[in-house]
Amino acid sequence: MRELENTVERAVVLGGEPILQTADLQTDVEERSRSLRSLFDDVCQKEGRLLSLDELSQHYISYVLQINQGAREKTAKDLGIDRKTLYRRLHAPAQ
């Protein structure tokens, strides 16, 4: 729900018209899509090597946590994992 509120607020602030248009919301969706694509491109290869699944997973968890503005319960729900699992994954030593 928070994400929807943020999206609408952003569209209202950035939109030039008194009534929201579909294009106002599409920009946010397109921007997130580009952001995720960029993240994937940047993260999949570091230092000339492919990342392990654990490393990629850790980056994705951090990304979702950032989208959720640090809300761990929402992040765990979005990822389909328990809060305790999220906590363990966030505090796992780098391998």
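K74 counts as partly exposed, because its relative accessibility is 29%; here buried means under 20% relative accessible area, exposed over 50%, and partly exposed in between, worked out with a 1.4 Å probe on protein chains only. Before going further, keep in mind that this is a predicted model, so local features need pLDDT of at least 70 and side-chain atom pairs count only at pLDDT 80 or more, while totals for chains, interfaces and linings use all residues. Residues are numbered from 1 along each chain as its sequence is written, and side-chain values use heavy atoms, with hydrogens and water left out.

Back to K74. Its partner is D78, and the two form a salt bridge whose closest N and O atoms are 2.8 Å apart. The rule for a salt bridge is a side-chain nitrogen of Lys or Arg within 4 Å of a carboxyl oxygen of Asp or Glu, and by that rule the count comes to 1. In general, side chains of opposite charge can pair when their charged atoms come close. Both K74 and D78 sit in helix 4, 4 residues apart, or about one turn of the helix. An α-helix has 3.6 residues a turn, so residues three or four places apart point the same way.

N68 belongs to the loop between helix 3 and helix 4, and it counts as buried because its relative accessible area is 5%. The N68 side chain makes another polar contact, at 3.2 Å, with the side chain of T75.

So what about T75? This residue is in helix 4, which covers residues 72-79, and it is buried because its relative accessibility is 0%. A polar atom of the T75 side chain lies 2.8 Å from the backbone oxygen of A71. Leaving aside residues up to four places away in sequence, T75 touches I61, V64, L65, N68 and L86, where a contact means heavy atoms within 4.5 Å.

Now step back to helix 3, whose buried residues are I61, Y63, V64 and L65. Its 15 residues, 53-67, should span 21 Å at 1.5 Å a residue, and the end C-alpha atoms agree because they are 21 Å apart; the expected span is 1.5 Å times one less than the number of residues. After helix 3 comes Q69, with a positive phi near 55°.

Finally, the whole chain. It has 5 helices and 2 strands, taken as DSSP runs numbered from the N terminus: H or I of at least four residues for helices, E of at least two for strands. Along the sequence, the pattern reads α-α-β-β-α-α-α. Of the 95 residues, 17% are buried. Among contacts with a separation of 6 or more, 35% come from residues 24 or more positions apart.

How values were computed:
A polar contact is a pair of N or O atoms within 3.5 Å; within protein, one must be able to donate a hydrogen and the other to accept it, and residues adjacent in sequence count only if both atoms are side-chain atoms.
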